[in-house]
Amino acid sequence: MKLTYFLREAAAALYFLGAFVPSITAVPVQLQQLTSREPAAAVSPELPRLVIYYQTTHDSDGRPISMLPLITEKNIALTHLIVCSFHVVADGGIHLNDYPPDHSLFYTLWNETQVMKSAGVKIMGMVGGAAAGSFTDQTLDARNADVFERAYAQLHDTIQLYQLDGMDLDVEQPMSLPGIVRLVRRLRSDFGPDFIITLAPVASALHEGANLSGFDYKSLERIDGADISFYNAQFYNGFGDMQTPKFYEAVVTDWQGWHPSRILAGQITTPANGGGFVSFDKLNETIVALSRSVGGIGGIMGWEYFNSESGIPEREPWRWAQVMTAILRPNLFRELVVTRSTADRLVESWRESVSGWRANSVNLGVGVSWIPDDLLTPNVDYLGMVNA
Ligand SMILES: *[C@@H]1O[C@H](CO)[C@@H](O)[C@H](O)[C@H]1NC(C)=O
Ligand SMILES: *[C@@H]1O[C@H](CO)[C@@H](O)[C@H](O)[C@H]1NC(C)=O
Ligand SMILES: *[C@@H]1O[C@H](CO)[C@@H](O)[C@H](O)[C@H]1NC(C)=O
């Protein structure tokens, strides 16, 4: 049977269910049908979602990793890009990876996220991840209210400053249930009903198996599920897998808490990023099977952007998103609008991002004055993108 058949079925199912899912947003005008071959999708185009984590910001020479090909290249229908990893530091300032988020090396990142937003992609942040510290008794899991307020303010101000559409809470160290509930409720009450709040558990934590977060996700869902938009569940590294539909089916059928529209199948984008990489043909088979057995899935999440592989030798990470779009959201794409002044700003922020990175690169031991000219010239054709 044809994938389009299943997708259409899934689309119809998700459309009805979508009405009950709190975070589903209106149809962004920029998301368009490529052809009229498909029936005018009776589905909120947010589903199934295509989510990518963007963590590595520079290549080894200090060139920024541009995210704009995710829009400018054909046949990619990205829904969410998650900038990561933020770390809330006890008695300190928030960091994005190793630096304060306003460091000049991130100028390209933050200027590009504005362009992505104008194309309809939701830009989120992620706090936590593999490095411990953000969810301790000294930070976001503090029993002491003042300590919590100080830590939370770092996150709050970052969301505001960079106009993030949402925050992903990737709790990979033991945190208390009251602690995570307090954080979720606070984000909801401070940023309102449209703010996207997600968590990123290992898939097994949604299914009576190993967990990294300490608290029980079913209890969290019972207490505060209405405030959680969806789960970027990690189906890799031995905590779940997508070689077959079995694991995902177990997550959504063994307990009444999670509707498939809320569970994304998190995948590593290359075997270099962990264990349990699933070939694209297998993944497609699994997704097709899930369309039949559970009516479709909430989407696919990929960890992480810069080194994504697509099965062809070129190192063009956006190609992974193209393959995922073909599997999940065929015939959808997004449109970019870039003015001359935006392009000029992107060229300028590129120079500063390279200089900022080189100035900080302890490994290289070279100063700003040593930057070769070719590094300061963007390897992305910003001026060629001008179309408005
Ligand atoms: C999470 O994992 C820890 C460590 O294995 C275990 O002690 C705890 O009981 C688990 N919690 C839940 C809610 O599954
Ligand atoms: C996925 O599998 C279906 C069914 O075999 C096939 O029709 C479709 O072309 C495949 N899609 C991709 C992107 O491989
Ligand atoms: C965009 O880049 C410029 C430098 O070209 C910088 O001054 C500005 O702060 C950047 N925008 C953001 C939001 O970081």
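**Stop 1: Arg49 and Glu46.** Select both side chains. Arg49 and Glu46 form a salt bridge, with an N to O distance of 3.0 Å. A salt bridge here is a side-chain nitrogen of Lys or Arg within 4 Å of a carboxyl oxygen of Asp or Glu. Both Arg49 and Glu46 are buried. Buried means under 20% relative accessible area, exposed means over 50%, and partly exposed lies in between (1.4 Å probe, protein chains only).

Before moving on, some ground rules. This is a predicted model, in which local features need pLDDT of at least 70 and side-chain atom pairs count only at pLDDT 80 or more, while totals for chains, interfaces and linings use all residues. Residues are numbered from 1 along each chain as its sequence is written, chains are lettered from A and ligands numbered from 1 in the order in which they are written, and side-chain values use heavy atoms, leaving out hydrogens and water.

**Stop 2: further salt bridges.** Side chains of opposite charge can pair when their charged atoms come close. By the rule above, the count comes to 16 salt bridges.

Select Asp91 and Arg150. Their side chains meet in a salt bridge at 3.8 Å, N to O. Asp91 sits in the loop between β3 (80-87) and β4 (95-96) and Arg150 in helix α4, so the pair ties together parts 59 residues apart in sequence. Helices (H or I, at least four residues) and strands (E, at least two) are DSSP runs, numbered from the N terminus. Asp91 counts as exposed because its relative accessibility is 69%.

Next, select Lys117 and Asp165. This salt bridge spans 3.5 Å, N to O. Lys117 belongs to helix α3 and Asp165 to the loop between α4 and β6 (166-170), so this pair ties together parts 48 residues apart in sequence. Lys117 counts as partly exposed, at 24% relative accessibility.

Now select Asp59, Asp61, Arg63 and Asp374. A network of salt bridges links these residues.

**Stop 3: Ser134.** Is Ser134 buried or exposed? Ser134 is buried, because its relative accessible area is 1%. Look for Ser134 in the loop between β5 (122-128) and α4 (145-161). Its side chain reaches the backbone nitrogen of Val88 at 3.0 Å. Leaving out residues up to four places away in sequence, Ser134 touches Phe86, His87, Val88, Val127, Gly128, Thr139, Leu140 and Gln173. Contact means heavy atoms within 4.5 Å.

**Stop 4: ligand 3.** Which residues surround ligand 3? Select Tyr107, Trp110, Asn111, Arg345, Glu348, Ser349 and Glu352. A residue is near a molecule if one of its heavy atoms lies within 4 Å of it. A polar side-chain atom of Asn111 lies 2.3 Å from an oxygen atom of ligand 3. A polar backbone atom of Ser349 is 3.3 Å from an oxygen atom of ligand 3. The protein covers 66% of the 360 Å² of accessible area that ligand 3 has on its own. Areas come from the Shrake-Rupley method with a 1.4 Å probe. Elements giving two or more residues to this shell are α3 (107-118) and α10 (340-360). The largest share, four residues, comes from α10.

**Stop 5: ligand 1.** Select Asn211, Gly214, Phe215 and Asp216, the residues around ligand 1. A polar side-chain atom of Asn211 lies 2.4 Å from an oxygen atom of ligand 1. For ligand 1, the protein covers 34% of the 360 Å² of accessible area that the ligand has on its own.

Notes
A polar contact is a pair of N or O atoms within 3.5 Å; within protein, one must be able to donate a hydrogen and the other to accept it, and residues adjacent in sequence count only if both atoms are side-chain atoms.
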